[in-house]
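Hello,

Here is the structure I promised to pass on to you. Please open it alongside this note, and I will walk you through what turned up.

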Amino acid sequence: MSPLTELYAQIANCHRCEIARYRTNAVPGEGPEDAEIMFIGEAPGYNEDLQGRPFVGQAGMYLEKLLASIGLTRQQVYITNVIKTRPPNNREPLPIEVQNCRPWLDRQLEIMRPKVIVTLGRYSLSAFVPNKSISKAHGTVVNQDGAIIYAMYHPAAALHQASLRKEIEDDVRKIPTLLAEARATARAQFEPQPQQLNLFKE
Ligand code: URA
């Protein structure tokens, strides 16, 4: 069993939060274990809960369009969320749920060591860089200790607010350059330091 598959089984059995009682499926994430880019959204919604896969609803279709605009398919990247269980009625995740789920995200990062981490929306951004506003941070690299962490608006926000669409479409176009930079500096080879956000715990 690959480390990711093993992790998925553990996530499916996780009942740290009350919301686990109401889910149809946990939604650990999907994509190749050696993906260079990891997209991190907020939490599964209705469709994701039914299918056990991230970003399969409208936001997912838009994410796929954004990927296509830079020549990528969803099969080439890794997609996950800050929390792996759908909050009832799609409410926002509670701080305790984010905290309880964090070890799963940390383990994904540790296994995969992506070169570029793309945070989608403010929840995902704040999982890496607290107290930064998404309206200021989007389209920028918010941290590059160990991996490039790049902030974008959430695709659902851009779908609902036409004014954000151009911004998210401009922001996604910077990803190929970031990836090229990450490859050139061989960031995947770095030795993790304790102060480096604990992204890749050894
Ligand atoms: N929104 C998210 O943040 N994640 C999903 O998986 C779907 C919608």
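**What is inside**

There is 1 cavity of 30 Å³ or more in the structure, which, please keep in mind, is a predicted model. The largest cavity holds about 110 Å³ of space. Its lining is made up of 14 residues, and those nearest the centre are Cys14, Cys17, Arg23, Thr85 and Cys101. Sorted by class, the lining of the largest cavity comes to 8 nonpolar, 2 polar and 4 charged residues. Helix H4 supplies the largest share of that lining, with 4 residues.

**The largest pocket**

Among the contributors, H7 gives the most, with 4 residues. The lining of the largest pocket divides into 14 nonpolar, 11 polar and 5 charged residues.

Next, the strands. An open sheet of 5 strands runs in the order S2-S1-S3-S5-S4, with mixed pairing. Its edges are S2 (78-81) and S4 (141-143), each of which pairs on one side only. On average, neighbouring strands of this sheet are turned by 30° against each other, if direction is ignored. Helix H4 packs on the sheet, where H4 touches S1 (37-41), S2 and S3 (116-120). The direction of H4 makes about 165° with that of S2.

If you want a pair to click on, Val141 has Tyr150 in S5 as its bridge partner.

Gln108 sits in helix H4, which spans residues 95-112. Is Gln108 buried or exposed? Its relative accessibility is 0%, so Gln108 counts as buried, the cut-off for that being under 20%. Leaving aside neighbours within four places in sequence, Gln108 is in contact with Leu4, Leu7, Tyr8, Pro28, Gly29, Met38, Tyr78, Thr80, Lys84 and Arg113. One of these partners, Pro28, is 80 residues away along the chain, yet its C-alpha atom is separated from that of Gln108 by 9.3 Å.

Happy browsing, and do write back with any questions.

Best wishes

Notes. Residues numbered from 1 in each chain as written. Predicted model: local features only at pLDDT ≥ 70, side-chain atom pairs only at ≥ 80, totals over all residues. Heavy atoms only, no water. Helix = DSSP H or I, 4+ residues; strand = E, 2+ residues; numbered from the N terminus. Nonpolar A, V, L, I, M, F, W, Y, C, P; charged D, E, K, R; others polar. Buried < 20%, exposed > 50% of the residue type's maximum accessible area, 1.4 Å probe, protein only. Contact = heavy atoms within 4.5 Å. Pairing = 2+ DSSP bridges. Axes fitted to C-alpha atoms, helices over the stretch in contact; angles between N-to-C directions. 1 Å grid on protein atoms, 1.4 Å probe; cavity = no way out; pocket = protein on both sides within 12 Å on 5 of 7 lines; lining within 4 Å. Points joined across faces, edges and corners; volume = space filled by probe spheres on them.
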